[in-house]
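Here are some notes to read alongside the model. Take them in order, with the structure open beside you.

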Amino acid sequence: MAKPITITNVRTILTAPEVTPLVVVKIETSEPGLYGLGCATFTQRYLAVATAIDKYLKDFLIGKDVANIEDIWQTSFVQSSWRNDAVLSNSVSGIDMALWDIKGKVAGMPVYDLLGGKARAGAAVYRHADGKSLSEVEENVRKYMEQGLLYIRCQWGGYGGRIDQIKAPENAPEGAYFDPHGYARNTVKLFDHIRNAVGDDIELLHDVHERLAPIEAVRLSKNLEPYRLFFLEDALSPEAVDWFAVMRQQSATPIAMGELFTHPQEWLPLIQNRLIDFIRCHISTIGGITPAKKLAHLCEAFGIRTAWHGPGDVSPVGHAANLHIDLSSYNFGVQEWWGPSDLIKEVFPGTPELRGGY
Ligand code: MG
């Protein structure tokens with residue numbers, strides 16, 4: 001029997017080619033020149049993730065057989081006794097993705113082949129069109145359509161709620177205030193405008209960013225129904241998920257949820273009760289490729305599609321992991337795509353490429 005290839009070093013690499021901090025894990029092995037990379041990006045707590053890996057997981061992992069991804073995932077996840085928090089999950093994700101990378105290199109196969117092979121030739125992506133006015137949003141939607149995009153997320157005024165004339169008490173601190181009713185009204189106006197302007201042959205999406213009271217989110221979902229969204233994202237906060245049952249009874253607008261989830265009990269009830277249409281976890285925040293592939297399989301059994309979180313606070317290594325899961329998943333829905341800059345591509349050679357809408 002061939003001698004096992006073992007982990008000889010684990011390095012955390014912190015980088016911010018633009019403003020967003022990214023965390024990449026590099027696993028080195030007993031095989032000269034053989035290493036793997038994984039994404040552990042928890043932008044808001046990147047130093048905590050680096051500490052968790054360098055001070056707690058590294059010594060635990062050195063000497064382990066790189067072949068045993070499942071066992072390494074499970075033992076790393078319970079090593080701190082308490083689990084299912086974002087720092088731990090991102091740390092384990094960095095290790096998990098790096099081990100899949102190594103396994104692919106050892107096998108001489110892309111990871112999507114190890115996950116079951118291609119279920120499609122490319123992953124359709126969506127990009128974000130926003131603007132300060134309806135015409136500006138429309139202009140940006142048309143720009144993406146000309147580039148071949150088939151799915152476009154529309155937001156009026158960035159996150160949508162910034163309206164100048166908001167009532168506030170005397171001595172209220174300066175800042176950006178949110179008007180939930182104005183936002184909800186404007187969002188319906190936005191989709192009325194865009195759907196009428198660009199027609200039915202384009203998929204439109206919207207992200208609420210959990211900014212409405214639950215009953216207002218239900219009403220928005222109903223009011224958007226005539227515009228046939230591909231999905232309405234994060235209409236409710238993770239603390240308000242019981243309201244999805246109400247939303248489901250009131251409206252046929254497809255629901256996407258999950259980018260803030262860290263714990264299986266957050267998504268399990270929504271899946272088994274068929275209360276959402278798309279699962280869109282941040283893959284490093286649920287622990288990497290190993291749990292994400294299991295989650296995709298679980299969703300497949302319930303007719304729920306995937307739409308993994310793909311903003312700028314996922315490193316290109318994490319985007320590549322998203323795409324390997326996308327290509328190999330029968331129930332792939334769509335992939336969020338941030339549009340890497342030249343600077344990002346220079347720091348991360350091999351960053352996936354957008355061609356047409358894929
Ligand atoms: Mg979102």
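**Notes on the predicted model**

1. A pair of residues makes a friendly way in: F278 stands opposite R305 in β10. F278 belongs to strand β9 (residues 278-279), and β9 and β10 pair in the parallel sense over two bridges. Two strands count as paired if DSSP finds at least two bridges between them. Strands are DSSP runs of E with at least two residues and helices are runs of H or I with at least four, both numbered from the N terminus.

2. A word on the ground rules. This is a predicted model, in which local features need pLDDT of at least 70 and side-chain atom pairs count only at pLDDT 80 or more, while totals for chains, interfaces and linings use all residues. Residues are numbered from 1 along each chain as its sequence is written, and side-chain values use heavy atoms, with hydrogens and water left out.

3. β9 and β10 belong to an open sheet of eight strands with parallel pairing, in the order β10-β9-β8-β7-β6-β5-β4-β11. The edges are β10 (305-306) and β11 (335-336), each with a single partner strand, so one side of each has no neighbour in the sheet.

4. Elsewhere, strand β2 (residues 22-29) pairs with strand β3 (residues 35-39) in the antiparallel sense over five bridges. Here V25 stands opposite G38 in β3. The hairpin has five residues between its strands, and G33 takes a positive phi near 85°.

5. Is I202 buried or exposed? I202 is buried, with a relative accessible area of 3%; buried means under 20%, exposed over 50%, and partly exposed in between, using a 1.4 Å probe and protein chains only. You will find I202 in the loop between α6 (180-198) and β6 (203-207). Beyond its neighbours within four places in sequence, its contacts include M145, L149, Y151 and R228, where contact means heavy atoms within 4.5 Å.

6. Finally, step back to the whole chain, which has 12 helices and 11 strands. Its radius of gyration is 21 Å, which agrees with the value near 21 Å for a compact globule of 358 residues; the radius is taken over C-alpha atoms, and the globule rule is 2.2 Å times the number of residues to the power 0.38. Along its principal axes the C-alpha trace spans about 65 × 50 × 40 Å. Buried residues make up 51% of the 358.
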